[in-house]
Amino acid sequence: MVAIEQNILAKNDGYAEQNRALLRERRIFALNLVSSPGSGKTTLLVRTIEALRSRCPVTVIEGDQQTANDAERIRATGVPALQINTGKGCHLDAHMVGAALREMKLPQQGFLFIENVGNLVCPAAFDLGEAHKVAILSVTEGEDKPLKYPDMFLAADVMLLNKCDLLPYVRFDVELAVANALRVNPTLAVFQVSAETGQGFDDWLAWLDSGLAALALTAASG
Amino acid sequence: MHEMSLAEGIVQLIEEAAHSEGFAKVTAVWLEIGRLAAVEPDALRFCFDAVVAGTIAEGSRLEIIDVEGSGWCMDCCEPVTLGALFGPCPQCGSHKVQATGGTEMRVKELAVT
């Protein structure tokens, strides 16, 4: 008998730590965006980039099973984007992201957005080396998504409730959705936004800026 | 979720152990899978059988040790059993329960020749 006593995801977690160390050294605030397909992740990302890019370098890694459509949408904003196609895979893992980081020209200080494969299940378990997972839920989905897919809302530190401009036209109880999310994760920060109109973006952008500033501060003192 | 990736992770751990411990064949694998780990044991068995083909663990027996979910209820101030990650305390119904066990997915040991 041979005792192993190792976490099955130990390999992934090791790569994630390498990515995290590299990102910290470069003072890059990295966010892993997770959601179901169609929640408006790419549109939200494009609007976020347009607001940020004049003050700070932004880099994007796009994960999808197939096509480079999303990376092309990001590149149209003028920032570098690298597309990872996972093929049959349902999530990005830390090894894929590490390879992408080596391939890209990383700036000294800035934001890295990793847009994960649209899937509320598998990406929850895979640490990519990000500072935070950001879950995006849209008001065209059900209020009970956080209860149906609790692992993801537990793994995330932030929830963006997107498409809030559609609230007058859809039956969606914001209070209930937020309560459900907080039931799963009481420390979750929630922002109500619309990637279409820009509603709520001031708070979201302020959160991003404070994250980057905090990282610069710890890097300077470390 | 992602049971195929987990099965691949298991085979990687086995191959690394074979390299460091110097064994050539694995006949049984013991895993500890917590009930709060979001892993379907049946799906994992299916994927494991597919992934071990052609490796030193081909044909090995997979034993899955089921670990009950447990947590600490902040209102009762005592340990409780937990049926789901965000589940209520079975005693007082509060959701202020921190999971303390049952989220593990570990390769525990191997029988080797």
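In strand S6 of chain B, the bridge partner of A:Gln6 is B:Val107. A:Val2 also has a partner in S6(B): B:Leu110. In total, four bridges join S1(A) to S6(B), residues 105-112, and the two strands run antiparallel. Two strands count as paired if DSSP finds at least two bridges between them. Helices (H or I, at least four residues) and strands (E, at least two) are DSSP runs, numbered from the N terminus.

This is a predicted model, in which local features need pLDDT of at least 70, side-chain atom pairs count only at pLDDT 80 or more, and totals for chains, interfaces and linings use all residues. Residues are numbered from 1 along each chain as its sequence is written, chains are lettered from A and ligands numbered from 1 in the order in which they are written, and side-chain values use heavy atoms, with hydrogens and water left out.

S1(B) and S6(B) pair in the antiparallel sense over seven bridges. One bridge partner of S6(B) in this pairing is B:Val26, which meets B:Val112. Strands of a sheet pair through backbone hydrogen bonds, either parallel or antiparallel.

## Helices across the sheet

## A second sheet in chain B

Three strands of chain B form another open sheet, in the order S4-S3-S5, with antiparallel pairing. S4 (78-81) and S5 (97-101) are the edge strands, each with a single partner, so one side of each has no neighbour in the sheet. Neighbouring strands of this sheet are turned by 40° against each other on average, direction ignored.

S3(B), residues 70-73, pairs with S4(B) over four bridges in the antiparallel sense. B:Cys73 stands opposite B:Glu78 in S4(B).

## Chain B as a whole

How many helices and strands does chain B have? It has two helices and six strands. Along the sequence, the pattern is α-β-α-β-β-β-β-β.

The C-alpha atoms of chain B fill a box of roughly 50 × 25 × 15 Å along the principal axes. Chain B has a radius of gyration of 17 Å, while a compact globule of 113 residues would have one near 13 Å. The radius is taken over C-alpha atoms, and the globule rule is 2.2 Å times the number of residues to the power 0.38.

## Two helices in chain A

H2(A), residues 41-52, packs against H8(A), residues 201-221, at an angle of about 65°, with the axes 11 Å apart. The two helices are therefore roughly perpendicular (under 35 degrees is roughly parallel, over 145 roughly antiparallel, 65 to 115 roughly perpendicular, the rest oblique).

Notes
Axes are lines fitted to C-alpha atoms, for helices over the stretch in contact, and angles run from 0 to 180 degrees between N-to-C directions.
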